[in-house]
Structure formats: structure tokens, C-alpha cells
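User: Can you walk me through this one? I'd like to start with the ring contacts and then move to the sheet.

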Amino acid sequence: MRVLVGVKRVVDYAVKVRVAADKKAVDLANVKMSMNPFCEIAVEEAVRLKEAKKATEIIAVSIGPKAAAETIRTALAMGCDRGIHLTTDARTDQELGPNSVAKLLAKVVEEESPDAIILGKQSIDGDFGCTGAMLAEHLKIPQCTFAAAIDFDAKTVERETDTGTEVVSFPSLPAVFTADLRLNEPRYATLPNIMKAKKKKIDTKAADSLGVELNEGNTVLEVFEPPPREAGIFVDDVDGLVDKLKNEAGVL
């Protein structure tokens, strides 16, 4: 089985984002970037498949600027075999939306013919959470989203829902899977593997050379920070809490 896994370069989850001066986007200048956490989970799942002798090759794909090659190198250091970098100057947090990404990934899938496509369930910048579903629709193949466990032998997926989990089956491969938090815990890339990753192959091609319309049709009018939250208050006892809830909050 050959596995294709998507990896996205995003602002590191620990960074407090700032709004740019023109209020049209998030300021990315001198900001730490890293692999999207859900993409890390997707990579880990693919690597575990190879370690279990169920996968023969893992291909990491990223769409973004020249610096996105670093994200692919991280995936290679975690255990992926080779990378594909679709270069674009469009901002992947707002200009390049999920449908455009899905169309580009569909082109890569058509060229590589993987048996399984594993993506993170969402990216922490756009938070759309629909690229995997859109990709499956473009390819007309099964999809299993929000996966908490995948059993390729039984062809079942335990998926997260708002009320718990459910187990669904997929009829056949190829199929698209999106990784949720409980699927696994990603490993750290070791120094020897980081050094080995430098020798692994990354194929680079321009995203606009694939014949895909990259205009989502959306325009960002303004980006702004949420209003500051008011400070909480302390009460002396339960009676004081009940009084505040009843007479000030109006919830009792």
C-alpha cells in the first residue's frame, strides 16, 4: 500500500498571532512557523503503517512558499520516504482556500495513484476542516473523516462526533482519511533522522502549472482581534454566587 499524506506550514500553535497593520491578514513577519498539528498526526499514522509492514511508501505533499520545504523535511525526518512541494506565493491561510487545495491534491493523487490519502482534519490557521471531504468528492472515492482509529484490515474507522464516537466502514481503497486528535501521538524527529531527511528527494513544481483555478472567489475585508474579555470576580460564599447569578447574570 502506498500512502500520500498532506502537510501544511502554519503559524506555530504556541505563538500569539498579531493582526497586520493594514488589517487585511495575520502578520507573518518574523513569526515561528511549523507543521500543522493535525498534519503531524496524519504523518505519524502513515509512518506507523509502514512500520507495521502495511505501507511500502509514504509521500509527503505540501503546498506553499519556498519555506514550506522545511515542513516537508520535517515529515521526511519523521519517516516519510519522499516529498512533493507545490510552490505558490498565495497565502495558504486565506488566499488559497480548501477547495483550491483539494483540487491541487487531486492532481497529485492522479499522478501518484496512492492507496490511502491521510490529511489532518483541519489546519489551525483557516480552521475550515473540509479539505479532506472536498478532495474525496473531486476524486469520487470514499472518505472517513475525523478518525480516532483506523483499521485497514477490517476496513473500519472509529470517528469523532459531537456526541462521542461512531464506527463506520469504507468499501475499498483508495480512500481519504482525516486525522483527529485521538488517532495517535506524533513522534519527535530524532537528530539522525533529521540528517537522513536531507538526502531524501523532494520534487518541486509550481502549483499554477497544474491547470487548477486557484481563485476561491472570496475576499478578506478585514481581520481584527477579538474584544478583550472582562475580568472575573470572586465571591465570598455560595449565597453570594447565587445572588450574582440571579440578580446580575440573570441565569437563575
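Ring cluster and sheet

Analyst: Phe-152 is buried in this predicted model. Its relative accessible area is 12%, under the 20% cut-off.

User: How many aromatic pairs does the whole structure have?

Analyst: The search finds three. In one of them, Phe-152 and Phe-170 have ring centres 6.2 Å apart. Their planes stand at 70°, so the pair is edge-to-face.

User: Where do Phe-152 and Phe-170 sit in the chain?

Analyst: Phe-152 is in the loop between S7 (143-151) and S8 (156-161). Phe-170 is in the loop between S9 (164-169) and S10 (175-179). They are 18 residues apart.

User: Is Phe-170 buried or exposed?

Analyst: Phe-170 is buried, at 3% relative accessibility.

User: What about Phe-152 and Phe-177?

Analyst: That pair is edge-to-face too, because the planes are at 65°. The centres are 5.2 Å apart. Phe-177 lies in strand S10, 25 residues from Phe-152. Phe-177 is buried as well. Ring pairs join Phe-152, Phe-170 and Phe-177 into a cluster.

User: Switching to the sheet. What's the strand order?

Analyst: S9-S8-S7-S10-S6-S1-S4-S5-S11. The sheet is open, with nine strands and mixed pairing.

User: Which strands are at the edges?

Analyst: S9 and S11 (202-206). Each has a single partner strand, so one side of each lacks a neighbour in the sheet. Twist averages 35° from one strand to the next.

User: How do S7 and S8 pair?

Analyst: Antiparallel, over four bridges. Ala-147 has Arg-159 in S8 as its bridge partner.

User: Which strands does H1 lie across?

Analyst: H1 (37-51) lies across S1, S4, S6, S7 and S10. Helix H1 runs at about 150° to S6.

Terms used: Residues are numbered from 1 along each chain as its sequence is written. This is a predicted model: local features need pLDDT of at least 70, side-chain atom pairs count only at pLDDT 80 or more; totals for chains, interfaces and linings use all residues. Side-chain values use heavy atoms; hydrogens and water are left out. Rings of Phe, Tyr and Trp (its six-membered ring) pair if their centres lie within 6.5 Å; planes under 30 degrees apart count as stacked, over 60 as edge-to-face and the rest as tilted. Helices (H or I, at least four residues) and strands (E, at least two) are DSSP runs, numbered from the N terminus. Buried means under 20% relative accessible area, exposed over 50%, partly exposed in between (1.4 Å probe, protein chains only). Two strands pair if DSSP finds at least two bridges between them. Axes are lines fitted to C-alpha atoms, for helices over the stretch in contact, and angles run from 0 to 180 degrees between N-to-C directions. Contact means heavy atoms within 4.5 Å.
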